[in-house]
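Reader: I have a model open and want to talk it through. Can we go over it piece by piece?

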Amino acid sequence: MISDELERYLQEHSSPPCETLRNLERKTYLETLFPRMMSGHIQGKFLEMISFMIRPLRILEIGTFTGYGAVSLAKGLPENGLLVTIEQNRELEDTIREVLDKAGLSAKVNLILGNARHEIEQLDDTFDLVFIDADKENYSLYYDLVFDKVKQGGFILADNVLWSQKVIDPQFNDVETKAMREFNKKVAGDERVEQVLLPMRDGLMLIRKI
Ligand SMILES: C[S@@+](CC[C@H](N)C(=O)[O-])C[C@H]1O[C@@H](n2cnc3c(N)ncnc32)[C@H](O)[C@@H]1O
């Protein structure tokens with residue numbers, strides 16, 4: 001965890017979010033129970049930068065929440081690019097569609113409402129970039145399910161891999177902490193990829209399929 005002071009400094013020295021994302025952040029804090037699930041300013045800008053760097057034709061996001069990550073990633077898509085995003089909570093649909101519309105990105109985003117475990121298997125596409133950001137217990141499963149759908153040289157980003165730093169504290173052995181440790185170990189031992197674990201926010205693993 002970084003201090004509020006450092007967070008403020010990071011924000012002051014990073015480009016500000018667009019008005020649509022600023023309003024989405026406010027709305028997410030006002031209307032949802034766990035607003036901290038949202039990517040937010042710094043991570044959102046990082047996702048946007050990554051997307052601009054890779055210029056992916058196809059992005060898959062697992063876990064949309066209110067759409068902050070989806071908008072950030074979709075901003076970097078080229079004209080003919082598409083982001084597929086999967087969210088199981090149907091109550092979020094109106095918020096997601098509204099923000100995509102306001103950001104002018106509705107045509108570039110395919111929102112799938114359903115359980116990622118089932119929906120990923122139905123996808124008949126390959127991806128340049130996959131952002132895993134749904135239920136932590138299933139990260140390893142999602143990694144296995146998407147792996148063959150990631151193009152060679154493509155990237156997988158996994159959020160929250162430090163899980164409030166519980167992964168390095170042996171007193172925590174809850175299901176989610178154990179799942180994150182297993183996921184990190186699995187990726188670190190996978191010779192088909194190279195990866196870097198960044199201490200951004202709650203830990204972001206950037207994986208490249210070799
Ligand atoms: C951390 S939030 C996603 C944040 C978002 N990616 C962002 O960048 O702002 C996790 C989301 O995953 C969704 N989720 C959890 N389990 C899921 C599943 N099995 N299938 C699809 N979505 C799921 C939750 O409802 C929640 O909205």
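Author: One term to begin with: two residues are in contact if their C-beta atoms, placed from the backbone, lie within 7 Å. Keep in mind that this is a predicted model.

Reader: OK. Which residues does Tyr142 touch, not counting those up to four places away in sequence?

Author: Tyr142 touches Ile62, Ala116, Ile120, Ile132 and Ala134.

Reader: And which residues of the largest nonpolar core touch the most other members?

Author: Those are Val130, Ile132, Tyr142, Val146 and Ile156, out of 51 residues in that core. As a general point, nonpolar side chains tend to be buried together in soluble globular proteins.

Reader: Stepping back, what does the secondary structure come to?

Author: Eight helices and seven strands.

Reader: What radius of gyration does the protein have, and what would a compact globule have?

Author: The protein has 16 Å. A compact globule with 210 residues would have a value near 17 Å, so the two agree. The C-alpha atoms fill a box of roughly 45 × 40 × 30 Å along the principal axes.

Reader: How much of the protein counts as buried?

Author: 39% of the 210 residues. On contacts, if you take pairs at least 6 apart in sequence, 67% join residues at least 24 apart.

Reader: Changing topic: the ligand. Which residues are the closest?

Author: Ser39, Gly63, Phe65, Gly69 and Ala116, from a set of 19 residues that surround the ligand. By class, the shell divides into seven nonpolar, seven polar and five charged residues.

Reader: Which elements supply at least two residues of that shell?

Author: Helix H4 (68-75), strand E2 (82-87) and helix H6 (116-122) each do.

Reader: Take H4. Is it enclosed or open?

Author: H4 is largely enclosed by the rest of the structure, because eight of its eight residues are buried. Among them are Gly69, Ser72 and Lys75.

Reader: Is Thr28 buried or exposed?

Author: Buried, because 22 other C-beta atoms lie within 10 Å, and the cut-off for buried is 20 or more. Leaving aside neighbours within four places in sequence, Thr28 is in contact with Pro35, Met38 and Thr66.

Reader: Now helix packing. At what angle do H7 and H8 pack?

Author: About 35°, with the axes of helix H7 (residues 139-147) and helix H8 (residues 175-188) 8 Å apart. The contact of H7 with H8 has five nonpolar, one polar and two charged residues.

Reader: Which residues meet there?

Author: From H7, Tyr139, Ser140 and Tyr143. From H8, Ala179, Met180, Glu182, Phe183 and Lys186.

Terms used:
Residues are numbered from 1 along each chain as its sequence is written. This is a predicted model: local features need pLDDT of at least 70, side-chain atom pairs count only at pLDDT 80 or more; totals for chains, interfaces and linings use all residues. A nonpolar core is a set of buried Ala, Val, Leu, Ile, Met, Phe, Trp, Tyr and Cys residues joined through C-beta atoms within 7 Å. A residue is buried if 20 or more other C-beta atoms lie within 10 Å of its own, exposed if 12 or fewer, and partly exposed in between; C-beta atoms are placed from the backbone. Helices (H or I, at least four residues) and strands (E, at least two) are DSSP runs, numbered from the N terminus. The radius of gyration is taken over C-alpha atoms; the globule rule is 2.2 Å times the number of residues to the power 0.38. A residue is near a molecule or strand if its C-beta atom, placed from the backbone, lies within 6 Å of it. Ala, Val, Leu, Ile, Met, Phe, Trp, Tyr, Cys and Pro count as nonpolar, Asp, Glu, Lys and Arg as charged, and the others, Gly among them, as polar. Axes are lines fitted to C-alpha atoms, for helices over the stretch in contact, and angles run from 0 to 180 degrees between N-to-C directions.
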